Amino acid sequence: MSATITKVAGPLVVASGMSDAKMFEVVKVSNEKLVGEVIELHGDEASIQVYEETSGIGPGEPVERTGLTLSVELAPGLLTSIYDGIQRPLELIEKEANSAFITRGIEVPGLSREAKWDFTPTVKVGDEVEGGSILGTVPETTLIEHKVMVPPTLSGTVEDIKSGSFTIEQTIAVIKDSDGKKHEICMLQKWPIRIPRPCKGKLIPREPLVTGMRVLDMLFPIARGGAGAIPGPFGAGKTVTQQSLAKYCNAQVIVYIGCGERGNEMTEVLTEFPHLEDPNTGEPLMKRTVLIANTSNMPVAAREASVYTGITIAEYYRDMGYDVALMADSTSRWAEAMREMSGRLEEMPGEEGYPAYLGSRTAGFYERAGIVDCIGGDNRKGSLSVIGAVSPPGGDFSEPVTQNTLRVTKVFWALDAKLAYKRHFPAINWLQSYTLYADNLEAWYSKEIAEDFPSNRERAQSILQDESKLEEIVRLVGMDALSPREQLTMEVARMIREDFLFQNGFDPVDAYSSLKKQYRLLKSIMTFMDSAEPIITQEDFDFRKLQELPVKEEIAKASFTPEDEVDEKFNALDETIRSQISALQS
């Protein structure tokens with residue numbers, strides 16, 4: 001009996017005659033062959049999530065099974081690509097549709113079958129290999145060398161291996177398994193998006209993912225292989241923060257997912273990224289980036305797939321031994337897609353109408369982050385850092401998506417609409433945000449940057465917390481009611497906020513701050529405090545003299561110091577601070 005449609009409800013299609021279907025099997029719906037995925041089975045009826053517009057489709061039309069689960073194609077050619085939520089290249093769709101708008105039923109491969117890649121083997125005939133072993137390399141871009149690996153489920157002896165120029169479907173090696181069966185290996189692998197790629201085990205993260213943003217690196221660092229969340233209301237700077245992370249963080253490969261974001265925001269990313277320069281190499285940033293664009297006007301079901309498509313591609317590069325960073329903007333739209341599909345399936349709603357499995361799906365996504373021992377037997381390690389933006393309605397952090405995200409991520413960068421309104425960017429609230437990686441990273445900071453790096457960080461946080469307590473008193477009775485010590489705390493807290501935490505993302509020097517420069521800048525502010533403490537306690541000391549010191553303007557401009565002048569400029573600055581403050585001594 002052939003499968004036919006019995007009901008259509010938006011992106012949900014119900015078909016009968018599907019008794020042999022499997023969960024998450026890909027099907028072609030209607031005569032237009034729209035891509036769909038089985039998400040529920042009842043007897044011979046299957047509920048299908050369709051990844052394209054379903055208007056005009058009705059009962060009685062055919063449904064064709066493929067026997068495959070929704071998978072991504074993994075091979076050279078992924079980098080520099082711009083995909084939709086189910087790995088269809090937007091450029092090819094546009095050519096096929098002959099229009100700037102995506103028309104239905106377009107089938108295009110995720111990777112070019114014609115392009116040839118220069119393959120250089122790293123193993124020889126007779127070598128024993130296992131799942132994940134590197135067979136050879138391909139120069140995918142000038143920045144990233146693609147490592148062609150044995151499929152994770154296969155092991156055996158290399159019977160034949162070739163070098164030269166091949167397409168991704170041509171045989172490059174033959175492996176004979178323990179049963180004597182021969183397997184032809186090409187560069188192309190397929191992997192189901194909902195199943196995490198295997199690894200030997202996860203390691204405890206010990207190194208930071210350096211972002212170049214002072215408020216993140218100094219106060220709330222994320223580890224390489226960590227998971228973080230950036231929740232914030234509309235207009236607080238989630239997308240800009242993630243774009244800055246994608247540009248400046250010290251990951252080798254970037255996967256950027258625009259999940260359900262407004263078309264104009266995604267357009268900005270798509271037009272800007274190809275022109276951005278990688279700060280480390282001067283090459284175009286796209287040479288180490290994969291973009292997945294699934295805007296709010298695209299079919300809602302494909303949003304749900306887009307985050308899995310992105311993280312599977314990210315895991316593939318992690319398995320090669322690279323440090324990968326994935327930006328998901330925004331996971332709230334992903335959760336909304338789940339809520340819509342759950343409502344159409346008539347499932348029991350959970351909190352605020354979200355499905356009861358929201359927590360487990362969110363955890364399943366973020367737990368694919370980590371620093372891992374890669375399979376393949378050569379002791380290589382790879383990391384995948386996941387940073388998800390959350391868009392809570394009205395900036396309410398108590399709503400389910402934010403709360404479920406906070407349960408599984410160890411870094412919380414809380415964006416604040418009030419700071420954004422004051423034009424303080426990045427608008428990350430230093431009293432609400434937190435990191436649980438600080439203890440893991442302390443040893444690295446002490447060894448690589450400076451012994452007192454962790455203690456300076458704790459001191460800066462303590463000063464900012466003291467300021468928030470003193471602000472209440474100042475509002476009630478004014479600044480003059482504070483003791484000299486408290487006035488100094490308020491002054492230093494202002495310097496930390498305005499001269500250290502504020503960062504100009506459009507300035508070529510200030511947009512990125514190295515850890516060394518961050519340390520020296522904060523250290524100079526602490527030098528100001530330590531030098532002033534003995535003087536302010538003097539009898540009849542006029543605190544305004546300290547506030548009017550010329551060196552304060554130098555501290556304010558110090559963040560614009562070029563990286564190659566850091567030592568020289570900051571040594572001179574510290575000397576000036578000490579001499580100007582000691583001159584106030586009566």
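## Surroundings of D84

D84 touches L90, I93, I292 and A293, leaving aside residues up to four places away in sequence, where contact means heavy atoms within 4.5 Å. D84 sits in the loop between β8 (82-83) and α1 (90-97); helices (H or I, at least four residues) and strands (E, at least two) are DSSP runs, numbered from the N terminus. D84 counts as buried because its relative accessibility is 4%, the cut-offs being under 20% relative accessible area for buried, over 50% for exposed and partly exposed in between (1.4 Å probe, protein chains only).

## Basis of the model

This is a predicted model, in which local features need pLDDT of at least 70 and side-chain atom pairs count only at pLDDT 80 or more, while totals for chains, interfaces and linings use all residues. Residues are numbered from 1 along each chain as its sequence is written, and side-chain values use heavy atoms, with hydrogens and water left out.

## Helix α3

Helix α3 (residues 238-248) is mostly covered, with nine of its 11 residues buried, among them K238, Q242, L245 and Y248. The buried residues of α3 pack against α2 (214-219), β19 (227-231), β20 (253-259), α4 (263-272), β22 (323-329) and β24 (381-390).

## Nonpolar cores

A nonpolar core is a set of buried Ala, Val, Leu, Ile, Met, Phe, Trp, Tyr and Cys residues joined through side-chain atoms within 4.5 Å. The largest has 82 residues, and those with the most contacts inside it are F273, W413, L488, I496, F528 and L546; helix α13 (residues 515-536) supplies the largest share of this core, 11 residues. Apart from this core lies another, of 74 residues, which includes V72, L135, V150 and I193.
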